[in-house]
Amino acid sequence: MKNKEEMLFSADETKFREALREFLEREDAKKIEQEIYERDFYPRELYEKLGEEGFLAPVLPIEYGGRGKLVYEEILAEELGAACVPLAWIHSTSSYAYATIARYGSEDQKKRYLPAMKRGAKIGAIAITEPEAGSDVMRIETRAELKGDEYAISGEKRNITNGSRADVLLVWAITNPEVDPAVGMSVFIVEPGAEGFEVVKDYKLLGGFPGTVNSHLRFDGMSVSEADMLGGPKEGAKIIFDELSVERALYAAMLVGEAGPVLELAVGYSKEREQFGTSISRFEGISFKIADMVTKLEAAKLMVYHTARLIDAGFDAEKESAMSKLLASEAFYEVAHNTVQILGGRGLSDEYPAEWAFRMARLSMIPAGTNEIMRFIVQREVYKEHKGKKGR
Ligand SMILES: Cc1cc2nc3c(=O)[nH]c(=O)nc-3n(C[C@H](O)[C@H](O)[C@H](O)COP(=O)(O)OP(=O)(O)OC[C@H]3O[C@@H](n4cnc5c(N)ncnc54)[C@H](O)[C@@H]3O)c2cc1C
């Protein structure tokens, strides 16, 4: 008989999760996370070890050493989120990049990039956002101009997670300004460092965002070959929306993972802490908070894995991935917010991870599309589905 958690997963998926947990414990990932908060470093070595042990990129097709299913990649994102948040953030952007290359890349591109990304030897990042184009991704201004058989990329990208550290960047640019961006946009696989590429600045976000940077990048005529275009010249917009669905599902899985240990802390602390001669867990003001936290987090987790199953089965899951990201970030925020409250004054000190989790949870409502945009997508899809039906 499976336990309750295993009801959701196949035996092989559970085996993958257990092996991963064992690895992260053996490597003391939680302790490394703590060290990163104390002296902000980048856990690239541990990321490479994950690759060496074969845990990275399970979403890749079997012929590239993967398991061909997003659900495994979500398990990986969730477990990394629970064990070591900065490590999870390296995995997050890298996974968005390799999943997209696997889906749209030519055989030559897949051979050139996927094995090294799977080993963890190369990390990836996604460059969509620009100073003047955030939520409205169709308004990007970065241009890629064809000169002979090379494209020259010019423009700026902002808010790119690990952008200055990535070995493989997916860069969206307008290739045909004469037509609507829906058909005039393309995406390129770019290896940073060549002439015309500049890191303008690495930002530290809310509370420092330890172990991660958020980069502002500039391209000034950087040359990329025609062979580095991912998909066709008119496919940039289609690939953005496809990439964002996968990104949101994976991002939400990471947030569910991040919230888990915070919830554990709240439950454990509330049992131990006594006031008015009894454990504070006996006060409904505390225990009902725990009930809400668990309920919302479990709902988010179910949505996250439901989305992966839909994508794995070939469905368009734009609505479900938006709901996953919305639910997971709001559940994480509620868990972190209530944990600070349950820990009282200690919750605000750096003696406990609650205050840091609170900052990360607040941050989580903006990347991968803001929560307003998630609500916009969900209602748009609902009204689309309702089209042709009668009202009251
Ligand atoms: C930690 C972090 C990591 C990120 N990583 C990456 C990355 O790796 N790659 C990448 O390309 N980008 C990345 N981003 C960028 C992120 O995707 C954008 O910040 C986000 O899409 C919002 O864009 P903006 O910040 O320009 O805000 P804006 O689009 O300017 O929005 C400002 C406000 O207006 C609201 N708003 C805008 N349009 C609407 C609307 N139609 N309806 C209702 N409200 C609306 C927004 O919700 C928001 O509250 C990252 C951002 C963060 C914070």
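A: One begins with exposure: a residue is buried if 20 or more other C-beta atoms lie within 10 Å of its own, exposed if 12 or fewer, and partly exposed in between, the C-beta atoms being placed from the backbone. This is a predicted model, in which local features need pLDDT of at least 70, side-chain atom pairs count only at pLDDT 80 or more, and totals for chains, interfaces and linings use all residues. Residues are numbered from 1 along each chain as its sequence is written.

Q: Is Phe276 buried or exposed?

A: Phe276 counts as exposed because it has 8 C-beta neighbours inside 10 Å. Phe276 is found in the loop between strand S9 (274-275) and strand S10 (278-279). Helices (H or I, at least four residues) and strands (E, at least two) are DSSP runs, numbered from the N terminus. Although Phe276 is not a glycine, it has a positive phi of about 55°.

Q: Which other residue has a positive phi although it is not a glycine?

A: Ala57 has one, of about 60°. Ala57 sits in the loop between H3 and H4, and it counts as buried because 27 C-beta neighbours lie inside 10 Å.

Q: How does one check the length of a helix, and what span should H6 have?

A: The expected span of a helix is 1.5 Å times one less than its number of residues. Helix H6 (residues 107-119) has 13 residues and should therefore span 18 Å; its end C-alpha atoms are 18 Å apart, which agrees.

Q: Where in H6 does a kink lie?

A: The bend at a residue is the angle between axes fitted to the seven residues ending there and the seven starting there. In H6 a kink of about 30° lies at Tyr113, shortly before the proline Pro115. Just after H6, Gly120 takes a positive phi of about 85°.

Q: Which residues of H6 are buried, and what covers them?

A: Tyr113, Leu114, Met117 and Lys118 are buried. The cover over the buried residues of H6 includes helix H3 (44-52), helix H5 (85-104) and strand S1 (124-127). Arg119 also lies in H6, but it counts as partly exposed because it has 16 C-beta neighbours inside 10 Å.

Q: What does Trp89 touch?

A: Two residues are in contact if their C-beta atoms, placed from the backbone, lie within 7 Å. Leaving out residues up to four places away in sequence, Trp89 touches Thr161, Gly211 and Thr212. Trp89 lies in helix H5 and is buried, with 25 other C-beta atoms within 10 Å. The C-alpha atoms of Trp89 and Thr212 are separated by 7.2 Å, though the two residues are 123 residues apart along the chain.

Q: How many residues surround the ligand?

A: A residue is near a molecule or strand if its C-beta atom, placed from the backbone, lies within 6 Å of it. Here 21 residues surround the ligand, and the closest are Thr129, Gly134, Ser135, Thr370 and Glu372. S1, strand S3 (150-161) and helix H12 (371-386) each supply at least two residues of this shell.

Q: Why does the ligand lie between two domains?

A: Domain bounds come from an automatic or database domain assignment. Domain 2 (126-234) and domain 3 (237-386) both give residues to the shell around the ligand, so the ligand lies between them.
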